[in-house]
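The structure comes first, followed by the description.

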Amino acid sequence: MHSVLRSELQNAVVSNLPAMASTNPSGTVQDVASKGEVPERYIHKESDRGARNAPLMAAPVIDIALLSSSSKSGPELEKLRHGLQSWGCFQAINHGMTSEYLDEVRQLTKQFFGLSMEEKLKYLKEEHEMEGYGNDMILSNQQILDWTDRLYLTVYPHQSRRFKYWPTNPQRFREVVGEYTTNVKLISEKILKAMARSLDLDESSFLSQYGEQVKLDARFNFYPRCRNPDLVLGVKPHADGSAITILLQDKEVEGLQFMKDNEWYNAPIVTDALLVNVGDQVEITSNGIFKSPVHRVLTNSERERISLAVFYLPDSEKEIEPLEELINESQPRLYKSVKNFVGLYFEYYQQGERPMEAARI
């Protein structure tokens with residue numbers, strides 16, 4: 001019997017944590033950017049800096065409507081499987097949300113970050129909390145800071161919503177985010193069913209393992225202009241701790257990059273598409289067939305950028321492990337059973353480490 005990894009991960013994390021996690025002493029990145037200078041804490045060493053002339057990635061564009069049948073074959077399903085094996089991500093079109101609706105979601109995101117600091121601070125996250133407005137916790141003095149401010153909300157289930165962090169300004173923010181969450185949950189479940197069928201499994205295989213008490217967290221990102229984009233990253237290289245992540249990109253400003261075979265590739269903006277990437281927990285469930293890709297965000301000296309990521313998170317009480325049907329002599333089991341994976345993911349991320357490595361057998 002493979003052991004649950006929780007205590008092993010916790011011990012590894014706790015031994016590396018400082019006595020107390022803190023928030024960014026510089027305040028918000030918007031504040032820092034307005035002063036012009038880039039503090040030392042944001043500057044990456046040479047090897048970590050952004051490659052602006054990276055080639056475009058060739059991840060597939062998938063028509064979600066063509067994945068909706070119960071078939072275990074077909075060109076779209078094959079394209080999905082191949083894309084997730086090679087890139088770990090794809091661009092989803094024909095997902096049921098109109099261009100006008102996605103524009104409204106982007107516009108509300110821009111409007112929130114454009115509010116006065118006094119207004120935004122009404123939703124300021126508390127120390128040691130994920131939810132709310134601000135930036136991520138500082139867990140060590142060596143931590144290189146990300147050039148981004150964010151609003152982080154648990155958006156599903158409804159009873160877990162902490163409305164003190166949900167802006168009432170802009171006026172339609174709560175209503176539209178609630179609708180968007182419903183849409184993204186349905187799209188996520190369609191994709192997870194199609195992923196199972198693409199591996200010749202029962203379509204409920206992933207969803208059954210992830211349990212009834214799944215959670216969706218939303219992260220609204222704002223990347224201010226940066227006068228030294230060659231020295232600073234919007235978000236440091238990482239893979240997601242989710243099952244899958246659904247990203248609404250900025251409509252005009254690129255900046256997201258994915259790594260494949262130790263090379264960075266630019267993620268293009270595809271009109272009206274949602275960018276979907278595998279998270280660590282699907283990589284575990286698929287026994288390494290689907291890859292959780294490392295990605296990062298560059299900064300820009302001329303234009304601000306926004307995005308909205310929604311993370312589909314398995315029930316934290318459920319054990320996540322490779323599906324038995326995907327384990328055989330030619331494909332031995334690669335991962336231990338894990339529980340509450342996402343609860344420990346964040347600390348690893350801030351230290352530039354992947355909890356996936358500890359989960360490997």
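This is a predicted model: local features need pLDDT of at least 70, side-chain atom pairs count only at pLDDT 80 or more; totals for chains, interfaces and linings use all residues.

The structure holds 2 cavities of 30 Å³ or more. Strand 14 (338–339) and helix 9 (341–350) are the elements that each give two or more residues to the lining of the second largest cavity. Among the lining residues are Gln281, Pro314, Asp315, Ser316, Lys318 and Ile320, and the list also includes Val338, Lys339, Asn340, Phe341 and Val342. The lining divides by residue class as follows.

| Class in the lining of the second largest cavity | Residues |
|---|---|
| Nonpolar | 5 residues |
| Polar | 3 residues |

Helix 4 covers residues 99–113. At 1.5 Å a residue, its 15 residues should span 21 Å, and the end C-alpha atoms are 22 Å apart, which agrees. The buried residues of helix 4 are Tyr101, Leu102, Val105, Arg106, Leu108, Thr109, Phe112 and Phe113. Viewed down the axis of helix 4, these buried residues fall within an arc of 155 degrees, so they line one face of the helix.

Glu283 belongs to helix 8 (residues 280–285). Its relative accessible area is 6%, under the 20% cut-off, so Glu283 is buried. Leaving out residues up to four places away in sequence, Glu283 touches Val278, Gly288, Phe290, Lys291, Ser292, Tyr335, Arg354, Met356 and Arg360.

Definitions and conventions:
Residues are numbered from 1 along each chain as its sequence is written. Side-chain values use heavy atoms; hydrogens and water are left out. Helices (H or I, at least four residues) and strands (E, at least two) are DSSP runs, numbered from the N terminus. The expected span of a helix is 1.5 Å times one less than its number of residues. Buried means under 20% relative accessible area, exposed over 50%, partly exposed in between (1.4 Å probe, protein chains only). The arc is that of the directions from the helix axis to the C-beta atoms. On a 1 Å grid over the protein atoms alone, a cavity is a set of points where a 1.4 Å probe fits but cannot get out, and a pocket is an open set with protein on both sides within 12 Å along at least five of seven lines; lining residues have an atom within 4 Å of a point. Grid points are joined across faces, edges and corners, and a volume is the space filled by probe spheres set on the points. Ala, Val, Leu, Ile, Met, Phe, Trp, Tyr, Cys and Pro count as nonpolar, Asp, Glu, Lys and Arg as charged, and the others, Gly among them, as polar. Contact means heavy atoms within 4.5 Å.
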